[in-house]
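Visitor: Could you walk me through this chain, starting with the overall picture and then going into the sheet?

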Amino acid sequence: MSDAALWSALADPHRRAIVALLLERPRPVGEIVEACGLSQPSTSKHLKVLRDAGLVRVRQDAQRRVYALDPAPIAALDAWLEPYRRLWNRSLDALGRRLDETSDDT
């Protein structure tokens, strides 16, 4: 899985919706089709992109294909975002201090 494939896979809102569904629990393709309101071929294409990026895995259950989220790439994204999260938190802390100072002046 490359970082570019991961980001590219998550760039599409339909694929993000599928990831959100799979966060709840593994689902067969039919449920994903129904929940997303896409055609079966379109949903299958999105699932292939997610699978190729390593975000989901699939298993056969009799005649059905059941998709599940693979947590490893999500953990990698979280690790990559950590420095940015710290930056954002520092900015919010500074804003909070400024607002406190402003409210003390009134």
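**A chat about the chain**

Visitor: How much of the chain is buried?

Guide: Buried residues, meaning those under 20% relative accessible area with a 1.4 Å probe and protein chains only, make up 27% of the 106 residues in the chain. Please keep in mind that this is a predicted model, in which local features need pLDDT of at least 70 and side-chain atom pairs count only at pLDDT 80 or more, while totals for chains, interfaces and linings use all residues. Residues are numbered from 1 along each chain as its sequence is written, and side-chain values use heavy atoms, with hydrogens and water left out.

Visitor: OK, and what is the secondary structure?

Guide: The chain has 5 helices and 3 strands, where helices (H or I, at least four residues) and strands (E, at least two) are DSSP runs numbered from the N terminus. Along the sequence they follow the pattern α-α-β-α-α-β-β-α. The chain is more spread out than a compact globule, because its radius of gyration is 19 Å, well over the 13 Å that the globule rule gives for 106 residues; that radius is taken over C-alpha atoms, and the rule is 2.2 Å times the number of residues to the power 0.38.

Visitor: What does the C-alpha trace span along its principal axes?

Guide: The spans are about 70 × 30 × 20 Å.

Visitor: Now the sheet: what is the strand order?

Guide: The open sheet of 3 strands runs in the order β1-β3-β2, with antiparallel pairing, and two strands are said to pair if DSSP finds at least two bridges between them. β1 (27-28) and β2 (56-61) stand at the edges with a single partner strand each, so one side of each is left without a neighbour in the sheet.

Visitor: How many bridges join β2 and β3?

Guide: β2 and β3, the latter covering residues 64-69, pair in the antiparallel sense over 6 bridges. Within this pairing, V56 stands opposite L69 in β3, and V58 stands opposite Y67 in β3.

Visitor: And how many between β1 and β3?

Guide: β1 and β3 pair over 2 bridges, also in the antiparallel sense, and the bridge partner of P28 in β3 is V66.

Visitor: Is A62 buried or exposed?

Guide: A62 is exposed (over 50% relative accessible area), with a value of 66%.

Visitor: Switching to helix α4, how accessible is S44?

Guide: S44, which lies in helix α4 (residues 40-52), counts as partly exposed at 29% relative accessibility, a class that takes in values between the buried and exposed cut-offs. The C-alpha atoms of S44 and V66 are separated by 12 Å, with the two residues 22 apart along the chain.

Visitor: Last one, how many positive and negative side chains are there?

Guide: There are 16 positive and 15 negative side chains, and the centres of the two sets lie 10 Å apart. Lys and Arg count as positive and Asp and Glu as negative, while His and the chain ends are not counted; each charge is placed at NZ of Lys, CZ of Arg, CG of Asp or CD of Glu.
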